[in-house]
Each structure stands twice: as C-alpha cells, then as structure tokens.
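Good morning, and thank you for coming.

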Amino acid sequence: MSVYINSTGHFLPGPAISNDEMEPLLGYVHGKPSRLKRRILQSNGIHTRHYAIDANHNTLFSNAAMAARAAEHCLTGSFIGKRQIKMLSAATSQGDVVLPGFGSMLQAELALSDIELHSSHGICSGSMMALKAAFTNLKAGEQPNALVVASELTSRLFKASRYEAAGTELDFNAEFLRWMLSDGAGALLLETRARGRCFRIDWIRSFSHADAYPVCMSVGYPTDSNHSQSWQDYATYAQAEAAGALLIRQDVRLLENIVKLGVDGYLRLISEGRVQPDKVDHVLCHYSSHYFRGKIFDMLQRAGVGIAEHKWYSNLYSRGNTGCASIFIMLDEFRRTQNYKTGDTIVCMVPESGRFNNAYMQLTVVEA
C-alpha cells in the first residue's frame with residue numbers, strides 16, 4: 001500500500017528576528033554582550049529566525065499551541081477535517097511539561113477524539129521517527145490517514161536568567177546553541193490515497209550511532225560532566241540549576257562527526273540501491289549551519305556521488321534552525337514556493353548531533 005503526503009503546514013511565532021535583535025530580546029548575560037555571538041552567526045549563516053517569547057521573556061505560544069497552529073494550517077489545505085483524523089504522531093525535543101507525552105498535550109490542544117497516538121522524543125531526527133511511525137502504520141493498513149506534527153520551543157532555555165542561575169562563567173559549549181536554535185512547528189498529512197499533486201513516500205531510513213559515539217548535544221548534564229550524574233540526581237532542582245545541568249549544551253569537539261556520518265549513511269543507501277544519485281531532482285537537507293553545507297558538498301563530490309548545487313533547497317537562512325521541526329517547515333515551503341513536476345525525486349536528509357542519528361527519506365512527486 002502506498003502512502004502520500006497530501007498536505008503540509010507550518011507555524012512560526014512572532015516577527016522575524018534579525019541578528020542584531022537577538023541578544024536584546026534574549027537578554028545580556030550578567031549585563032554583558034556576548035563575545036562569541038558574531039563568530040557563531042557568521043559561521044551558521046542565519047539572518048532571521050522566530051521566537052515564541054517576547055523581550056520581557058513572557059511565553060507567547062506554548063509548544064503545544066505552536067504545534068496545533070501548524071496542524072491547523074496543514075488541514076486548512078487538505079481534503080479532510082479534524083474529525084476524520086485517525087492517527088496523531090507528534091515530535092519535539094522538549095514538551096511544555098515533562099509528563100504527559102507531547103502527543104497527548106497536542107491532541108488536547110487540537111480537540112481530536114478517538115485517535116491512535118504516538119509521541120516521538122529526540123532532537124532533530126525526532127520528526128522523522130514520528131513520520132516513520134505514521135508511515136508504517138498506514139502502509140500496514142492499520143489506518144487510512146495520520147497527522148504528523150513536529151514543534152520546537154527552545155527560546156525559553158536561552159533567557160539570560162537561565163545562564164545567570166548556573167552561577168558559572170558562560171562557556172562556549174553552553175552558549176553555542178543560543179545563537180543557533182529558534183522556535184517553530186511543521187505538520188504533514190499522510191493518506192493512503194493520492195489527492196492532486198502530492199508526494200508519495202518511497203521509503204524512510206535512519207542509522208543511529210549512539211553505541212559508538214558519546215553524547216554531543218544534551219540538556220540534563222552539569223558543566224564539565226562525565227555524564228555519570230544527571231539533573232535528577234541532585235537533592236533539589238535549585239542545585240541542579242546551579243551546577244549548569246539545565247543548560248542546553250553542544251560538545252563542539254564532537255560536532256565535526258555529523259558530516260562524515262551523514263554522508264556515510266547516504267553512501268550506504270546508494271549501495272543498497274535505494275538512492276540513484278543521477279535521478280535525484282531535489283535535495284532537502286537539514287544542515288544546522290551554513291558551515292556544514294560546503295563540507296557536505298565536498299565530501300559527496302570526493303565520493304563521486306555529488307549532486308548539483310542548484311538541486312539543493314534550504315530555508316535555514318530565513319527561518320533558522322528549528323530542530324526537529326526544520327524538515328517539515330522546509331518541506332512545506334518547498335511545496336508552496338518551488339518548481340517541481342510529476343515524476344521528480346526528492347531526497348530529504350536529517351542529521352542529528354544528539355548522539356548521532358541520521359535519517360533519510362525519498363519522495364516522488366505524483367499526480368492523482
């Protein structure tokens with residue numbers, strides 16, 4: 001049985017925030033401007049992004065509310081209504097609450113009744129895992145449709161007060177993601193019948209390397225941790241916060257592995273016969289920073305499987321890095337703004353640095 005993406009949608013909170021507007025909105029840590037911001041922004045190439053908090057650090061939209069708005073945007077352009085949805089598959093790296101699961105909170109926000117539910121927890125590849133769960137469910141004939149939603153609200157972690165509460169000098173690994181990540185949500189509607197011009201999902205694959213690599217991106221470990229103690233092991237939450245265990249961190253020394261592992265996975269798919277490079281018409285790759293774009297191109301070229309640069313599409317520079325929501329937002333904007341034709345092949349790639357999980361998908365444009 002074939003599965004099709006018949007509708008897409010996204011939601012980005014508030015106005016677009018420029019590079020110069022970022023730090024006044026997020027706040028100056030200990031009243032001082034960052035010495036690293038300009039260097040990191042020059043590397044990632046992002047010009048504007050969106051935040052779900054205001055300059056007074058009030059939350060304007062919850063994570064579930066953003067996800068619901070993306071879902072409603074998706075359904076507005078579909079052939080079915082909310083009451084006809086049979087499965088909801090949701091993804092985020094951090095919900096508004098630790099428990100219950102994000103899918104449950106989103107279901108309530110959308111007022112969906114009598115549905116099958118799935119929650120996916122991860123970082124950038126969480127959306128692809130949620131999509132794979134829905135895809136296989138429909139392919140097995142369990143349900144006729146599924147709404148898949150991914151949403152990220154990271155800005156609450158980047159308030160100056162969060163860093164000041166840690167009580168230590170702000171280090172590069174803790175500050176790095178402050179200038180990288182932003183907020184947004186994306187949604188896809190899957191059905192077992194094609195409607196109009198749509199995307200057939202040919203396959204979804206992922207390769208995790210958690211057994212071979214240490215933690216690269218995390219929330220929950222204290223500063224300079226050997227990862228033997230998490231935030232839950234402290235006597236109080238205040239002690240965990242003071243130890244820096246609630247800061248989002250990126251071990252930049254390990255980050256270079258993401259390109260090699262991402263390309264290795266792509267080469268593996270070629271060797272399996274799933275990808276034929278000369279037949280790829282469009283590439284949607286969630287590279288988290290412009291810095292990695294050239295490295296990916298170069299490594300693919302040296303492997304003899306390069307794909308012409310004009311075939312690559314990204315909205316990173318105007319929408320920012322919205323974690324697991326990025327690939328869904330990207331696919332929605334591609335669908336609405338780019339030129340493609342029936343029969344075109346689209347390859348999507350999502351490398352994740354959490355503990356290095358790389359996800360891939362191939363779509364074919366079809367016409368009902």
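Let me begin with the lining of the largest pocket, whose residues divide into 18 nonpolar, 16 polar and 7 charged. In this count Ala, Val, Leu, Ile, Met, Phe, Trp, Tyr, Cys and Pro are nonpolar, Asp, Glu, Lys and Arg are charged, and the others, Gly among them, are polar. The model is predicted, with local features needing pLDDT of at least 70 and side-chain atom pairs pLDDT 80 or more, while totals for chains, interfaces and linings use all residues. Residues are numbered from 1 along each chain as its sequence is written, and side-chain values use heavy atoms, with hydrogens and water left out.

Rolling a probe the size of a water molecule over the atoms shows where empty space is left. On a 1 Å grid over the protein atoms alone, a cavity is a set of points where a 1.4 Å probe fits but cannot get out; a pocket is an open set with protein on both sides within 12 Å along at least five of seven lines; lining residues have an atom within 4 Å of a point. Grid points are joined across faces, edges and corners, and a volume is the space filled by probe spheres set on the points.

The largest pocket holds about 1,300 Å³ of space. It has 41 lining residues, and Ser93, Gln94, Gly95, His121 and Val219 are the closest to its centre. The second largest pocket has a volume of about 310 Å³. Its lining has 6 charged residues, along with 4 nonpolar and 2 polar; among the lining residues are Glu23, Lys32, Arg35 and Arg178.

How many cavities of 30 Å³ or more does the structure hold? There are 2. The largest cavity contains about 280 Å³ of space. Of the 27 residues that line it, Ile258, His286, Tyr287, Ser288 and Pro351 lie nearest its centre. The lining has 21 nonpolar and 6 polar residues, and no charged ones. Its largest share, 5 residues, comes from α10. Helices (H or I, at least four residues) and strands (E, at least two) are DSSP runs, numbered from the N terminus.

The second largest cavity has about 60 Å³ of space. Its lining includes His286 and Tyr287, and divides into 5 nonpolar, 6 polar and 1 charged. Helix α13 gives the most to this lining, with 3 residues.

I turn now to the sheet. It is an open sheet of 10 strands with mixed pairing, in the order β5-β4-β6-β7-β1-β8-β14-β13-β11-β12. Because β5 and β12 stand at the edges with a single partner strand each, one side of each is left without a neighbour in the sheet. Two strands pair if DSSP finds at least two bridges between them. Strands β8 and β14 run antiparallel and are joined by 11 bridges, and Arg200 stands opposite Thr364 in β14.

Strand β14 also contains Asn358. Is Asn358 buried or exposed? Asn358 counts as buried because its relative accessibility is 1%; buried means under 20% relative accessible area, exposed over 50%, and partly exposed in between (1.4 Å probe, protein chains only). Leaving aside residues up to four places away in sequence, Asn358 touches several residues, including Arg205, His209, Leu261 and Pro351. Contact here means heavy atoms within 4.5 Å.
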